[in-house]
Amino acid sequence: MAKTNGGVVPSSDRSNLIPFSSRLKEGRALALDVWTIFSAVNLPADCINLGQGYMNFAPPKWVTDAAEAALNTVAPNHYSHPRGRIRLREAIKGFYGPQFNRDLDVESEILVTSGANEGQYSVFTAFLEQGDEVIMFEPFFDQYLPSVTFNGGKPVYVPLHPPKDSLTKPTSDDWTIDIDELRRAITPRAKMIIVNTPHNPVGKVFTKAELKAIAAIAEEFNLLVMADEVYDCLVFDGKEHVRIANLPGMWDRTVTVGSAGKAFAATGWRIGWLIGPKSIIQPTLAASTRIVFCSNSPLQEAAASGLELAREKKFFETQLSEYAERRDILTKAFDDLGLKYTHPEGSYFILLDISQVDFPENYPFPDSVLGRGRDFRACWFIANEIGVSSIPVSEFYCEEHANIGEAYARFAFCKDVDTLRRAAERFQALQIYLK
Ligand SMILES: Cc1ncc(COP(=O)(O)O)c(C=O)c1O
């Protein structure tokens with residue numbers, strides 16, 4: 001007889017011999033995740049995918065040319081320095097230094113990582129002791145939870161409060177934080193706070209006043225601040241992107257996270273970066289070196305060329321206006337239907353209020369959707385009947401607060417305008433299903 005997670009099984013059954021770690025369960029890593037449930041293979045073949053946040057267009061040609069050139073050169077086909085290739089670190093210094101008003105030290109204040117994800121994971125590995133608490137605002141980017149728990153941390157959730165029902169045209173700014181509530185959530189085990197601005201999935205761009213209040217709490221309770229700013233190049237409507245690291249006294253306790261995937265429409269490249277003081281970057285480098293050793297070398301060169309040339313090519317200005325056009329195609333479709341949504345001031349997501357969508361409860365939903373919140377059924381129904389996929393927002397909440405997210409579906413507008421126009425046309429068919 002062999003012992004497995006499920007107990008004792010006949011020794012002839014060799015399918016589950018070795019018990020896996022309980023951390024997979026704690027990190028929700030075993031639950032059928034929302035990306036799998038709503039992946040293209042599970043949806044009608046012609047469904048327009050506005051679910052997962054990746055682009056259906058290529059990175060700029062001058063960036064992919066640089067990737068090709070790197071592949072055809074010997075050195076970038078091999079290991080890079082664990083800190084990242086010097087060309088990329090210099091490019092990060094050149095592009096971001098002025099934004100932080102600092103002469104960034106490429107040896108100790110910049111770390112290139114395998115996507116923002118790995119950078120964040122490495123910070124948790126470097127700083128969390130067993131049982132340390134990490135505060136995050138809900139809804140939260142779902143990867144935070146396993147990254148924290150795999151490293152022995154405990155997530156502590158503080159809600160972003162949804163817009164009041166009385167608002168007919170809410171914006172992402174109407175999702176608010178309650179600083180007293182944040183303060184009450186802090187225990188002596190609190191070690192870190194994650195501040196994601198612009199925010200996924202709300203699109204919120206935190207104001208200076210909000211960030212100042214969070215900064216004061218971080219100072220009072222000696223918290224490490226993880227500023228997840230991977231959407232920093234997508235701030236609309238003339239709104240200001242404030243970097244919490246730039247607030248008085250905050251540099252020393254803040255690590256800022258960036259992503260070439262978001263900046264250059266290259267989510268599969270897995271190149272990201274961390275910027276912060278030596279006291280945060282050095283321990284994180286020690287962790288990252290032992291997790292991945294180094295990041296994808298040729299694509300570091302390409303990301304470097306992107307940052308080097310972005311200003312001259314006015315790349316981010318052009319990209320921003322293209323994204324604003326994409327956003328407006330979807331919001332107009334929702335306006336035409338009289339649907340309520342959160343007008344996003346940043347990132348590339350729109351939260352649609354789906355409480356008005358009236359789907360038959362006896363619709364042939366798969367089991368994967370039936371056990372979950374109303375938003376899972378609504379998203380499934382919209383994908384199958386209207387032909388546009390989205391992501392149910394309860395997935396971005398802890399189980400206890402999932403009901404807040406059930407009112408929303410997240411639509412990603414990082415798609416070309418033709419695709420978004422076709423999606424907008426399809427939405428007209430939703431009219432007959434509205435309460
Ligand atoms: C808020 C947020 N942080 C981090 C990431 C991860 O970025 P990367 O693809 O560079 O790992 C994402 C990706 O969706 C995100 O939305």
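Colleague: How do the residues of the shell around the ligand divide into nonpolar, polar and charged?

Modeller: Keep in mind that this is a predicted model. The shell holds 9 polar residues, 3 nonpolar and 1 charged. Of the 13 residues around the ligand, the nearest are Gly115, Ala116, Asn117, Asn200 and Ser259. Helix H5 (residues 115-127) provides the largest share of this shell, with 3 residues.

Colleague: Into which domains is the protein chain divided?

Modeller: Domain 1 covers 22-58 + 315-433, and domain 2 covers 61-310. Their centres, taken over C-alpha atoms, are separated by 24 Å. At the interface, 34 residues of domain 1 are in contact with 37 residues of domain 2.

Colleague: Which element gives the most to the side of domain 1 that touches domain 2?

Modeller: H12 does, with 7 residues. By class, that side of domain 1 has 19 nonpolar, 8 polar and 7 charged residues.

Colleague: How are two packed helices described?

Modeller: By the angle between their axes and the distance between the axes. Here, helix H12 (residues 315-337) packs with helix H16 (residues 417-427) at an angle of about 5°, the axes being 9 Å apart. Angles under 35 degrees count as roughly parallel, so H12 is roughly parallel to H16.

Colleague: Which residues make the contact?

Modeller: On H12 they include Ile329, Leu330 and Ala333, and on H16 they include Leu420, Ala424 and Phe427. Arg326 of H12 and Arg421 of H16 also take part. By class, the contact of H12 with H16 has 8 nonpolar, no polar and 4 charged residues.

Methods
Residues are numbered from 1 along each chain as its sequence is written. This is a predicted model: local features need pLDDT of at least 70, side-chain atom pairs count only at pLDDT 80 or more; totals for chains, interfaces and linings use all residues. Axes are lines fitted to C-alpha atoms, for helices over the stretch in contact, and angles run from 0 to 180 degrees between N-to-C directions. Helices (H or I, at least four residues) and strands (E, at least two) are DSSP runs, numbered from the N terminus. Angles under 35 degrees count as roughly parallel, over 145 as roughly antiparallel, 65 to 115 as roughly perpendicular and the rest as oblique. Two residues are in contact if their C-beta atoms, placed from the backbone, lie within 7 Å. Ala, Val, Leu, Ile, Met, Phe, Trp, Tyr, Cys and Pro count as nonpolar, Asp, Glu, Lys and Arg as charged, and the others, Gly among them, as polar. A residue is near a molecule or strand if its C-beta atom, placed from the backbone, lies within 6 Å of it. Domain bounds come from an automatic or database domain assignment.
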